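Please open the structure in your viewer and keep the selection tool at hand.

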Amino acid sequence: MKKFLFYLIFIFSALIFEAQAQHMVHESSYLKHDLLYIGLPDYPPFSKYTHIQRRIGDFVTDMTIQESAFLKPMQKIAQKYGFNIDQYKTEQVPSLEDVILNIRSNEAQLFFGAYANTKIFTGVELVYPASVSNPIHVITLPDVQEKIKSTKDLARLKGVMSKTEFLSDFVSRKLQNLKITYVETPYDAYEALFTGDADYIIGGMYYNKIMASRYGIGQYLAYSSKPIFKIPAFIALSKLMPQMSLYKKDLSAEFSKPQFGNEVKKEILRIVEEEISKNQGIVPPAFAKKVEQEIIVAPAEDDETTEQKSGGTIIEQKIEEKSIDDVLDGI
């Protein structure tokens, strides 16, 4: 009888051990696959594509490298959990539609910078919470900033926006009540502002700090001291990726830690500051010459007035969704 009981205990223990082992394999097997990341098309600092040529023997290959403020913090998480992330290879900067198709079809598994409640991002799995936001500001020449004290002032003035900006559906709907002309590039938007065809630009603060520095006009622009919108920017997953729910669970736990958001913010600042530093000394385009002369000959002013002109006037603020991110007040 004792032998029989011992045999039953042995069999029962073996079954439990096997079940635990299978559970451990199930939990850990999802870490064995490399995840490919992709993001918004060339929208620094949330994603920036750099074209380089690399010589291998007698052959020269063109490569497109994507840098994102999310990348290094995500690499730390991947290292912690024992999986790898790599860039989705592309020879040219893809359109947003192409990027979304790649993530929906599971050709890529990670998406950097998705927006909630936005039609084009339907079909991707957002990982909550959003650790940072894309702050959308009113951008003007310094002498125009004082004319804008509320969104009512925006409605009677002429606005402009580059089609290269990425907005959520919520923000797009809110902007329909404003007189905004959409132009092809940031350069076109800046030209309209400097020549008087527009009174203000609506755009992401980080993105425009970078783009304006590339044209040598960053010092001539004034930003509203508070954003009119904050768009939470998420990391998303492909719904077709293996063990998606397990990745989502672990990533959500990591994203909710304050240090992750702080690391992404540091990366945002690093990318913006490096771009501005790299572009110092660029000669502004001809349309900026008049404003440049006005600033040079302007009389010296006290610190309070100068601060007001450089920072702008606080205008009505609308927040799209609750986010754990407090938008940085300037770079």
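The tour begins with the whole chain and then turns to individual residues.

**The whole chain.** Note at the outset that this is a predicted model. Colour the protein chain by secondary structure: there are 12 helices and 11 strands. The chain has 331 residues, of which 45% are buried. Consider next the contacts between residues at least 6 apart in sequence: 77% of these join residues at least 24 apart.

**The loop between β1 and β2.** Select Asp42, which is found in the loop between β1 and β2. Its phi is near 50 degrees, a positive value in a residue other than glycine. Most residues other than glycine have a negative phi.

Now move to Pro44 and Pro45, which are joined by a cis peptide bond with omega of about 5 degrees. Pro45 is placed in the loop between β1 (35–39) and β2 (48–56). Most peptide bonds are trans.

**Aromatic rings.** Show the side chains of Tyr43 and Phe46. These two form a stacked aromatic pair, 6.4 Å centre to centre, with 20 degrees between the planes. Tyr43 is buried at 0% relative accessibility, and Phe46 is buried at 3%. Both residues belong to one aromatic cluster, whose other members include Phe70, Phe112 and Tyr206.

For another arrangement of rings, select Phe111 and Phe121. Their ring centres are 5.5 Å apart and their planes stand at 65 degrees, so the pair is edge-to-face. Phe111 is in strand β5, while Phe121 is in the loop between β5 and β6, 10 residues apart. Both Phe111 and Phe121 are buried.

**From β5 to β6.** Select Asn117, in the loop between β5 (110–114) and β6. Asn117 has a positive phi, near 50 degrees. Asn117 is exposed, because its relative accessible area is 65%, and exposed means over 50%.

Continue to Tyr128 and Pro129, where the peptide bond is cis, with omega near 0 degrees. Pro129 is in strand β6 (residues 124–140).

**A charge over a ring.** Finally, select Lys209 and Tyr223. Which part of Lys209 sits over the ring of Tyr223? It is the charged end of Lys209, 4.6 Å from the centre of the ring.

How values were computed
Residues are numbered from 1 along each chain as its sequence is written. This is a predicted model: local features need pLDDT of at least 70, side-chain atom pairs count only at pLDDT 80 or more; totals for chains, interfaces and linings use all residues. Side-chain values use heavy atoms; hydrogens and water are left out. Helices (H or I, at least four residues) and strands (E, at least two) are DSSP runs, numbered from the N terminus. Buried means under 20% relative accessible area, exposed over 50%, partly exposed in between (1.4 Å probe, protein chains only). Contact means heavy atoms within 4.5 Å. Rings of Phe, Tyr and Trp (its six-membered ring) pair if their centres lie within 6.5 Å; planes under 30 degrees apart count as stacked, over 60 as edge-to-face and the rest as tilted. A charge sits over a ring if NZ of Lys or CZ of Arg is within 6 Å of the ring centre and within 35 degrees of the ring normal.
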